[in-house]
Amino acid sequence: MLVYLLRRLGQSVFVVAAMAVLVFVGVYAIGNPIDILISPEADQIEREAAIARLGLDKPLWQQFLIFVESALQGDLGRSFVYATDALGLILSKLPATLELAFLALLIAVFLGVPLGMLAGLKPDSVVGKSIMAGSILGFSLPNFWQGMMLILLFAVIFKVLPSGGRGETVEVFGVAVSFLTLDGLAHLLLPAVNLALFKTSLVIRLARAGTREAMLQDYVKFARAKGLRPRRIVLVHVAKNIMIPVVTILGLELGSMIAFAVVTESVFAWPGMGKLLIDSIQHLDRPVVVAYLMLTVFLFIVINLAVDLLYCVLDPRVRLSEVRA
Amino acid sequence: MTDALKAAATPTPLPRPAWRTTPLARFAAEFTASPVAVAALCVTLTLALLAVFAELITPQNPYDLAQLDIMDGMLPPGSTDFAGTMTYHLGTDQQGRDMLSAIIFGLRMSLGVGAMSTLIALSLGMSVGVLAAYFGGKVDAAIMRVVDLQLSFPAILVALILLAVLGKGVDKVVIALIIVQWAYYARTVRGTALVERRKEYIEAAACLALSHRRIVFRHLLPNCLPPLIVVATVQVAHAIALEATLSFLGVGVPITEPSLGLLIANGYDYMLSGKYWVSFFPGVALLVTIVAINLVGDQLRDVLNPRLRR
């Protein structure tokens, strides 16, 4: 276990380093760093001060060391538009995105797993077939258009839910959250459903395939032979075993949810990091784009690592094969 | 084709003489066994034809400003134009552009970008993957590490970042989609090629002292095609959806050559005041395209997957 952990950690550090080099090459070597890192509106004195501060007059390898050093200290440049520390700006938007992603994840699991198991237990029934048809639709519906149709339906035609924004927030440990107020929840609901739809379809497929496979296994036959009630077999024995792929995929998908939140946040004007990224691209606020890139890479590596470790805990076979290898 | 249909309609087709069933005929028979898949294939082909012959079909050329009349702006579906000669079946946008024509031209853009990026990414990923499998060892390890690394990031994020660096433009969208997609093909073809490589015909080819290039591209690669075709079909749908999303976010195709995604984005503000048609119909077109291609892909997977063979 420890060997595995250390090896995975080593890999992660390597990936972060590789990404840092790629970003550095992208920003400093291919692009003109003066254009990218210094605001076009800066005057001559400001430009020179910034060049000296960023060390752009030094040789390339020294610049790389400066870049790494400031990145390690959490300094990824300053936003042109907001005139604040880029990383701090993104982090201040992180809670809104995480709130959205977690609610969407909950919807995906608590809707997807039961529906998928139902479809898996009765694959040829009308219910099973309609669940699968729904999941194909969920896969194919373009995320942004589906979000717009949710707005059209619930905000424009029926006027029951707000069309965008975050609504009323309350501070919990100094972080503003929406889900504790009624108004905030109303604002949260549509974006969360929008973000959850694709993942729900995915979970339905996984749960269905897992259930169909598990029902043929010897342990289910044995449980049945032992005289357990069908409900107990499905809810305890089968459910536990299909959770392994579901947990892995959802863990990995948490990252992609944060990425897809870019779309949802743009459609619903949800003030999270994704919307900040799109706004920054539009306003050519490049330090924020670079900082977002580095932060998401880091976030992804942490998530991948966590999923691998969780997998290792859930499935003893993975642990054993790794030790042997 | 008709033979194949008849064979599919009979509940238990008699085994035909071996000399009459070519692999292609068998493939066609199995594919047409599902009416849904046949319908989806017809829809896909129709959409492709619409896109190719857009100028001949559409009532107006939506990008010829001389044909547009600002007086016809934001007309709901079914209205006639100011002069009373033409009906706008799907309404018009703010510049008096017929939405039906705009959608067909948008379809051309969406399908074109999707097909082109998939073709280039397919040939690139295919070559890289088959080389990795054939040579193995360090080449393989290095290539697959890059593939794994790229696939651990969501496609949309990679494409967004690339376009943020590259800027707007059709060519840039295609480049971004190629970079996003190639890894899927590389991984798929490598998996198949690793199995095929150990088979006797490759050994035989090596014994004939054929060059590596000939063995890889003439013997190994053609035998790795079936799973690739499945992945490519599904990836075209992904590419179209991704391009639409990027254009919606304002980092994709330019406003002068709108795809379906950009048409939808144009209608966003009007939708909030209840004028739904500018966004609704391009979205339906996009949805139908993606569903049809996905259904074809699903059926191809069922037919070509040897694990599901009885």
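Predicted model: local features only at pLDDT ≥ 70, side-chain atom pairs only at ≥ 80, totals over all residues.
1. Overall make-up of chain A. The secondary structure of chain A consists of 13 helices and two strands, and its C-alpha trace extends over about 85 × 60 × 35 Å along the principal axes.

2. Burial and contacts within chain A. Of the 325 residues in chain A, 36% are buried. When the contacts in chain A between residues at least 6 apart in sequence are considered, 70% of them join residues at least 24 apart.

3. The side of chain A that touches chain B. Contact between the two chains involves 29 residues of chain A and 30 residues of chain B. On the chain A side, the elements that give two or more residues are α1 (2–30), α6 (126–140), α7 (143–157), α10 (230–268), α11 (273–282) and α12 (286–314), and the largest share, seven residues, is contributed by α10(A).

4. A residue of chain B. Gln150(B) lies in helix α6 of chain B, which covers residues 137–151. Gln150(B) is classed as partly exposed because 17 other C-beta atoms lie within 10 Å, whereas 20 or more would be required for a buried residue and 12 or fewer for an exposed one. Between Gln150(B) and Thr192(B), which are 42 residues apart along the chain, the C-alpha separation is 20 Å.

How values were computed
Residues numbered from 1 in each chain as written. Chains lettered and ligands numbered in written order. Helix = DSSP H or I, 4+ residues; strand = E, 2+ residues; numbered from the N terminus. Contact = placed C-beta atoms within 7 Å.
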